[in-house]
Each structure stands twice: as C-alpha cells, then as structure tokens.
Amino acid sequence: MPTDAPEGESLEATPEQQRARFALERIQALAVEWREETKAQKEFNSYASAMPFMIRANGLGQTAAFYRRKGTKHVYYRLYALLGDWLSQPGRPFADHPDDLLEAITHSNQDIYLAAQIEALLFLHWVKTLASAFLAREEAPPPADTTEVAG
C-alpha cells in the first residue's frame with residue numbers, strides 16, 4: 001500500500017514528531033562519529049544554540065551563507081547541511097531543491113522562503129535540544145560560593 005510519508009515515517013507521525021525523529025537520528029549519528037572529538041561536539045552544541053537567534057535577527061539566507069562560508073570541513077557546515085537536508089525532505093519547503101540550501105533559498109519565492117524560515121526555526125529547536133542531550137557541551141561554571149566559613 002503506497003503512502004505519502006517519507007521513508008521510515010508513518011502517516012500518523014505529526015510534523016513535530018517528524019522533526020524530532022529526523023534530528024534525533026542525525027544527532028545520534030554525530031555522537032557516534034565524534035565519539036572521541038569533544039571539541040567538535042561542544043562547537044556543534046554552541047553553534048546549534050546560536051543558529052535560531054541568527055535566523056531571527058538576520059534571516060535564513062544570511063544565516064545559511066554565514067554557516068556555509070567556513071567550508072565543508074568545519075562544524076558550521078554540518079549544521080548548514082543538516083538544515084538543508086531537513087528543508088529539502090518531501091513535504092518541506094525546499095523539496096524541489098535538494099542539492100544545496102543556498103541554491104534553494106535563492107531560487108524560491110518569498111512565500112516559500114518565509115515558510116522555510118519558520119520550518120527551520122521549528123526544526124532547530126529539536127536540533128538544539130537533542131544536541132544538548134547527546135553531545136558534549138560547555139558546562140556553566142559553578143556559582144561562586146558567597147558564604148564564608150567563620151574560622
């Protein structure tokens with residue numbers, strides 16, 4: 001029986017579940033790939049946390065160009081590629097442009113671009129949350145002890 005759902009997804013999965021599942025699979029794969037690379041894990045976590053703010057402040061196109069400019073070997077690119085992969089899935093705004101996120105952005109009309117920007121923010125929420133759960137992250141320093149022991 002044919003379905004309209006992307007491979008591995010049931011018709012019952014909500015869009016939120018689809019985002020979470022896709023992000024989880026990719027983040028878990030990175031955790032395995034970067035098992036011995038704590039620095040890459042921490043960088044990914046940091047960049048994943050910053051990306052939604054950058055999209056809100058500068059737009060999807062400017063943010064994508066920033067993340068892409070570092071080159072394919074940089075951790076920034078991994079986020080760029082992950083976001084592009086998601087946005088080009090069947091049923092997503094850039095499904096007609098699966099090759100490159102910036103190409104899709106520059107060949108889309110304003111309605112598709114805005115839909116992609118909203119979808120990017122919804123997806124990145126899961127990326128940020130799951131990266132924090134599965135990858136190493138910078139730990140906040142413990143609060144300073146403000147009490148003094150009388151001696």
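Does Phe53 count as buried or exposed, and at what relative accessibility? I looked this up and found 58% relative accessibility, so Phe53 counts as exposed (buried is under 20% relative accessible area, exposed over 50%, partly exposed in between, with a 1.4 Å probe and protein chains only).

I note that this is a predicted model, where local features need pLDDT of at least 70, side-chain atom pairs count only at pLDDT 80 or more, and totals for chains, interfaces and linings use all residues. Residues are numbered from 1 along each chain as its sequence is written, and side-chain values use heavy atoms, without hydrogens and water.

I placed Phe53 in helix 2 (helices are DSSP runs of H or I, at least four residues, numbered from the N terminus). Phe53 and Leu121 lie 68 residues apart in sequence, and I read 9.0 Å between their C-alpha atoms.

Next I took helix 1. Its buried residues are Gln18, Arg19, Ala20, Phe22, Ala23, Ile27 and Leu30. I find that they pack against helix 2 (38–58), helix 4 (75–87) and helix 6 (110–134) (contact means heavy atoms within 4.5 Å).

Last, I looked up helix 4 and helix 6. Their axes come within 10 Å and cross at roughly 120° (lines fitted to C-alpha atoms over the stretch in contact, with angles from 0 to 180 degrees between N-to-C directions). That makes helix 4 oblique to helix 6 (under 35 degrees is roughly parallel, over 145 roughly antiparallel, 65 to 115 roughly perpendicular, the rest oblique). I list Leu79, Leu82, Leu83, Trp86 and Leu87 of helix 4 in the contact, with Ala116, Glu119, Ala120, Phe123, Leu124 and Val127 of helix 6.

How values were computed
Helices (H or I, at least four residues) and strands (E, at least two) are DSSP runs, numbered from the N terminus.
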